[in-house]
Amino acid sequence: MDLQLTSKIIIVSGGAKGIGEGIVKVLASEGAVPVIIGRNETDNKKTLEAIGGKGLAVTAELTQPEAAGHAIEAVMQQYGRIDGLVNNAGVNDGVGLEKGNYEDFMASLHKNLVHYYLLAQHALPALIKSKGAIVNISSKTAETGQGGTSAYAAANGGRNALTREWAVELLKYGIRVNAIIVAECWTPLYQKWIETLPNRDEKLKSIVAKIPLGNRMTTAEEIASMTAFLLSARSSHTTGQLIHVDGGYVHLDRALANA
């Protein structure tokens, strides 16, 4: 299926690693021009080089509110247009109710939610002209909870709410807004977390056993493929949706995994 993404300028925040890197690679394979926005200049360039160098790497510390505007300005100076925005950057930083404070909580919201709003706001004039699309990457934590991660769960609840709100607000411009809800996806950060555990092999085995479809982790490429579809004209009548790419983890009966 031709997704009709050739030469489309698509921004991916946090596009140098993990799910973001997977999205960048799939977009490039579809002929789009990815723009990576992230804090690490070396990682940004490395990922861009891995896809043949076609695209743009913008170094920005998105926890700083002014960085979003500067990043969008750099994209517009380079290309003069924006056809899509993927809000992806963030981290499950473990700011809980028992462990954490006001400063930690607010810092986590800046890491995980505030820049979603700011990037969309600054990109909006260009997206209106192109009738582009927005995809917000979100997490199951907003729906299932996880324990010990109040700030990240709150941020993801905000991501989901913004998705629905923007879908309504931007209807008049023909801009579609959707979210992908991620559950257990294998990324370098996930692997790093697993490796900190004393019983890492047993823990990983217990996690995948609870994923109904295939008893395996979701891959970054699977998240990326859905992202590309939602950005494309092939999903032209889909907006305001929270789409779970999770092997049935959130909604299917976990008992199925042992059937």
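**Exercise 1. Find which residues Leu242 is in contact with, leaving aside its neighbours within four places in sequence.**

Solution. Start with the cut-off: contact means heavy atoms within 4.5 Å. Leaving aside neighbours within four places in sequence, the partners of Leu242 are Asn160, Thr163, Arg164, Ala179 and Ile181. Strands (E, at least two residues) and helices (H or I, at least four) are DSSP runs, numbered from the N terminus. Finally, look along the chain: Ile137 is 105 residues apart from Leu242, and their C-alpha atoms are separated by 9.5 Å.

A note before you go on: this is a predicted model, where local features need pLDDT of at least 70 and side-chain atom pairs count only at pLDDT 80 or more, while totals for chains, interfaces and linings use all residues. Residues are numbered from 1 along each chain as its sequence is written, and side-chain values use heavy atoms, with hydrogens and water left out.

**Exercise 2. Work out how H4 and helix H6 (residues 150-169) pack.**

Solution. First take the angle: the two pack at about 15 degrees, with their axes 8 Å apart. Axes are lines fitted to C-alpha atoms, for helices over the stretch in contact, and angles run from 0 to 180 degrees between N-to-C directions. H4 is therefore roughly parallel to H6 (under 35 degrees; over 145 is roughly antiparallel, 65 to 115 roughly perpendicular, and the rest oblique).

**Exercise 3. Describe how helix H1 (residues 18-29) and helix H9 (residues 220-231) cross.**

Solution. Begin with the axes of H1 and H9, which come within 8 Å and cross at roughly 55 degrees. The two helices are therefore oblique to each other. Their crossing is right-handed. Contact residues include Gly18, Ile19 and Gly22 of H1 and Ala220, Glu221 and Leu231 of H9. By class, the contact of H1 with H9 holds nine nonpolar, four polar and one charged residues.

**Exercise 4. Which residues lie nearest the centre of the second largest pocket?**

Solution. Of the 14 residues lining this pocket, Lys8, Lys131, Leu231, Ser232 and Ala233 lie nearest its centre. Sorting the lining by class gives five nonpolar, five polar and four charged residues. On a 1 Å grid over the protein atoms alone, a pocket is an open set of points where a 1.4 Å probe fits, with protein on both sides within 12 Å along at least five of seven lines; lining residues have an atom within 4 Å of a point.

Technical notes
Left-handed = near helix turned anticlockwise from the far one by under 90°. Nonpolar A, V, L, I, M, F, W, Y, C, P; charged D, E, K, R; others polar.
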